[in-house]
Amino acid sequence: MEKYLSVIELEEAATSILPKTARDYYRSGATDEHTLKENKRAFQRLRIRPKCLVGLTDCNLRTTILGDEVSMPVGISPTAMQKMAHPDGEIANAKAAEKEGVIFTLSTIATSSIEEVAKAAPQAVKWFQLYIYKDREVTKNLVLRAERAGFKAIALTVDTPFFGLRRADVRNKFTLPQHLRLANFEGHLATKIHSSGDGSGLSTYVNNLFDKTLTWDEIKWLKSITKLPIVAKGILRGDEAVKAVEAGCAGILVSNHGARQLDGVPATIEALPEIVEAVKNYNVEVYLDGGVTTGTDVYKALTLGAKAVFVGRPALWGLALGGQAGVQRMLNIFRTELESTFQLAGTSSIADITRDMVVHESVYSKL
């Protein structure tokens, strides 16, 4: 795995070996994929303004997320059905996170169960990503299982009343491979993705089972059944972030679902400053995911107010190439690049980072 020196190299290698249906599912975005491209391009439009001769000390990337100490402000986002990438699936991903001291987030529609992941990586800081099903008992059962298994937070996806239009999945008539199942469920809930009509079997599954009538009242309901902190995942507006916090959320994950829901929405790094400003007087942490492929991307997000950054696809690329070792390689690439960025920018720790460390490229185009 040492031959891979960047996340882009991991992606190129992984997408060359993954089966077409799985590859297209993992890497595609909604409709024309403008936002998918913008998630990365928006980072490139930001310029780091380094400080020199600051008397650097040892670089310290450690921080706390919802009270849990982590080795760096990079965590693993939830991605579905990881056994399509590697036989060990979510278990390998969670074990890599445990080994590297970062947060791992398990998807509701995973191919390894809550209990399997908890047993495999008991010391990892684990979050559970939640979709709310029409059947509230199904949802309640998932939350209570995650709490019993030692998960530390619920990441509630709020941007998915139904799945966006992903043309690659429609063309491929995407279904979960017959030898796999959604491990957090029994019966038809575990296997229904196998049934596809003229389009994506996953979209049919979601449209039939997810509750699109959700309101912010669901946060209050969740808080009534669990003591775990709730992170609202999928926020792109400042006023929506305030609603989430006032409903009881402890964290805001600025996310556009990997650009897989509505095309034409802002890149997450573009939306981040508005959200940070909107909740600055609340006791809430703000995170970001989407388009993050380098340590400099992470640094830019931290500068604009993110407490931590989460990565989804990069973990899949590492997983596809080498299971746990591949995910650890991905995390170590981020760690090496982030340490380098910290020190070359003149910031030895997160506490040293100030808002003036990053500006938009337009500042220089005016000169």
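The model is predicted, so local features need pLDDT of at least 70, side-chain atom pairs count only at pLDDT 80 or more, and totals for chains, interfaces and linings use all residues. Residues are numbered from 1 along each chain as its sequence is written, and side-chain values use heavy atoms, with hydrogens and water left out.

The UniProt record is a place to begin. An unreviewed entry there gives the feature "binding site" at Tyr25, Tyr131, Arg166, His257 and Arg260. Of these residues, Tyr131 is included in the lining of the second largest cavity. A cavity is a set of points, on a 1 Å grid over the protein atoms alone, where a 1.4 Å probe fits but cannot get out; lining residues have an atom within 4 Å of a point. The unreviewed entry also lists His257 under "active site". UniProt positions are given in the numbering used here, feature names are shortened, and annotations may be inferred rather than shown by experiment.

Where does Arg166 lie? Arg166 sits in the loop between strand S7 (153-157) and helix H7 (167-172). Helices (H or I, at least four residues) and strands (E, at least two) are DSSP runs, numbered from the N terminus. Arg166 counts as buried because its relative accessibility is 4%. Buried means under 20% relative accessible area, exposed over 50%, and partly exposed in between (1.4 Å probe, protein chains only). Not counting residues up to four places away in sequence, Arg166 touches Tyr25, Ser28, Gly29, His257, Arg260 and Gln261. Contact here means heavy atoms within 4.5 Å.

His257 is in the loop between strand S9 (251-254) and helix H12 (268-278). With a relative accessible area of 11%, His257 is buried. Residues up to four places away in sequence aside, His257 touches Tyr131, Thr157, Asp159, Thr160, Arg166 and Lys233. The side chains of His257 and Asp159 are joined by a polar contact of 3.1 Å. A polar contact is a pair of N or O atoms within 3.5 Å; within protein, one must be able to donate a hydrogen and the other to accept it, and residues adjacent in sequence count only if both atoms are side-chain atoms. The backbone of His257 also has a positive phi, near 65°, in a residue other than glycine.

Lys173 is another residue other than glycine with a positive phi, near 50°. Lys173 belongs to the loop between H7 and helix H8 (188-191). Its relative accessibility is 44%, so Lys173 counts as partly exposed.

Is strand S10 (residues 285-289) mostly covered or mostly exposed? S10 is mostly covered, with 5 of its 5 residues buried. Glu285, Tyr287 and Asp289 point one way from S10, Val286 and Leu288 point the other way, and all are buried.

S10 pairs with S9 in the parallel sense over 4 bridges. Two strands pair if DSSP finds at least two bridges between them. Leu288 in S10 is the bridge partner of Val254. S10 also pairs in the parallel sense with strand S11 (residues 308-311), over 3 bridges. In S11, Val309 is the bridge partner of Leu288.

Helices link these strands. S9, H12 and S10 make a right-handed β-α-β unit. From S10 the chain crosses through helix H13 (residues 295-303) to S11, and this β-α-β crossover is right-handed. A crossover is right-handed if, with the strands pointing away from the viewer, the path from the first strand over the helix to the second runs clockwise.

H13 is largely enclosed by the rest of the structure because 8 of its 9 residues are buried. Among them are Gly295, Tyr299 and Leu302. After H13 comes Gly305, whose phi is positive, near 115°.

Definitions and conventions. 1 Å grid on protein atoms, 1.4 Å probe; cavity = no way out; pocket = protein on both sides within 12 Å on 5 of 7 lines; lining within 4 Å.
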